[in-house]
Amino acid sequence: FCQAQGFEYLTGRVWIGFWLIFIVLVIVAAEGSFLVRYISPFTQEIFAFLISLIFICETFSKLVKVFQEHPLMRSYPTSPGLPALRLPEAHEHSVLIEGPILNQPNTALLSFVLMLGTFFVAFFLRKFRNSRFLGGKARRIIGDFGIPISILLSVVVDYLIPDTYTQKLNVPSGFSVTSPDKRGWFISPFGDKQPFPTWMMGAAVVPALLVFILIFMETQITTLIVSKKERRLIKGSGFHLDLLLIVILGAICPLFGLPWLTAATVRSVTHVNALTVMSKATAPGEKPMIQEVKEQRVTGMCVAILVGLSIVMTDVLRHIPLAVLFGIFLYMGITSLTGIQLYERITLMVTPAKHHPDHIYVTKVKTWRMNMFTIIQLLCIVLLWVVKSTVASLAFPFILIMTVPLRRLILTRIFEERELAALDADEDTPNFDEDGRDEYNEIHMLRDSHACIETAL
């Protein structure tokens, strides 16, 4: 919109940030976070699954782009200057090659191997934490540092193959803005190269409202996912304070040309999963349960400090191939699906009924009704994906928030209350007030007994 109208986009973001501060102050003062009670697991699962799906799909789309830029051919053009890119002592010669580097031999295959290698090493080291090898403390240390170990191993493998080009992480040298020739450190609210229209200062409230809805939904849904009752967290969640800090700090960022802050759903879920301690199964076939979560602020602060230190670690980060990061993104996307009931129900759709586990939503709901509930959620995900990928992406927050009345008003007319209590329960084991009886099983038993009687007659 700003480009079509000839407005300065960065200045418009500044005024959106100002309106965000005003909106969040009003919402927090009115304790607007109470609206979270209407966000059921139906919406939480849709949002969490969509974010994980984005991570997974973007990983493979980037890999496909690598194969398009470096396709497999019978013969490749010679590039005598390329080896200089891979040698540290010849780093100053790398600037002689201008433009994109294309059609390099074995680049696509090596990128594919690095991506899958990084993913599988990190994934199996995560599983190694609950295995029977070594001692408990050693397993936990190896499992907790699975991602750094996988990154280190992949970087070493890439370094040992110097004759194959792989695209590295593009880290700028020095501390400066992205385009020093176009703007400075501070974005003026009144325009840099031309005056910003006064009416746009007020009209910025419309995109600010859309941005706030998205940040509100992402922040609160992430908090709800992280603080599920089955995790047995002791410390409470600060819905108002988290929202206030994220929005205000994010609204100040546009003054310096920085993006808005978000709750980082996938990283937050991955973080809490790494801090989760599972109980050991005592009976054959018994599923391990969450024993506790190491609730502290040290790891979160260390993550923030390490992100900040990346500014002074540019020489190290330049040696990391992008394919390694693709593997980490794939790992974060797949591991974040763990514990999402929607993902479990999708797997049950292709699993024979005799192999279904004894979960509440399996024993209390007919299989075809459970599948219908799952399909409705999948249709919502498809709709959100289509909106996100088209010019109508500005409507994404509204489509996401419409899943709340869909669950509260429409699904209550399709499904019975006891079915929704099993499929969309806030608690891990909802109370059906049946005195231990399973009405669904009793209906089948009664129907079978009637059939036997009619056959006998």
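Buried is under 20% relative accessible area, exposed is over 50%, and partly exposed lies in between, with a 1.4 Å probe and protein chains only.

A word on the source: this is a predicted model, where local features need pLDDT of at least 70, side-chain atom pairs count only at pLDDT 80 or more, and totals for chains, interfaces and linings use all residues. Residues are numbered from 1 along each chain as its sequence is written, and side-chain values use heavy atoms, with hydrogens and water left out.

Back to L20. Which residues is L20 in contact with, leaving aside neighbours within four places in sequence? They are A208, V211, F212, V247, A251 and W260, where contact means heavy atoms within 4.5 Å.

Next, T11, which lies in helix α2, residues 9-29. Helices here are DSSP runs of H or I, at least four residues, numbered from the N terminus. T11 counts as buried because its relative accessibility is 1%. Not counting residues up to four places away in sequence, T11 touches I187, S188, P189, F190, G191, D192 and F196.

Now for the charges. How many salt bridges does a search of the whole structure find? The search finds four, each being a side-chain nitrogen of Lys or Arg within 4 Å of a carboxyl oxygen of Asp or Glu.

I'll show you some of them. In one, the side chains of K168 and D158 meet at 3.3 Å, N to O. That pair links distant parts of the chain, ten residues apart: K168 sits in the loop between α7 (146-159) and α8 (198-203), and D158 in helix α7. D158 has a relative accessible area of 2%, so this residue is buried.

Another bridge joins D315 and R318, at 3.0 Å from N to O. D315 counts as exposed because its relative accessibility is 55%, while R318, at 23%, is partly exposed.

Then there is E419 with R369, whose closest N and O atoms are 2.8 Å apart. These two are 50 residues apart, with E419 in helix α20 (residues 417-423) and R369 in helix α17 (residues 367-389). Both E419 and R369 are buried.

Thanks, everyone!
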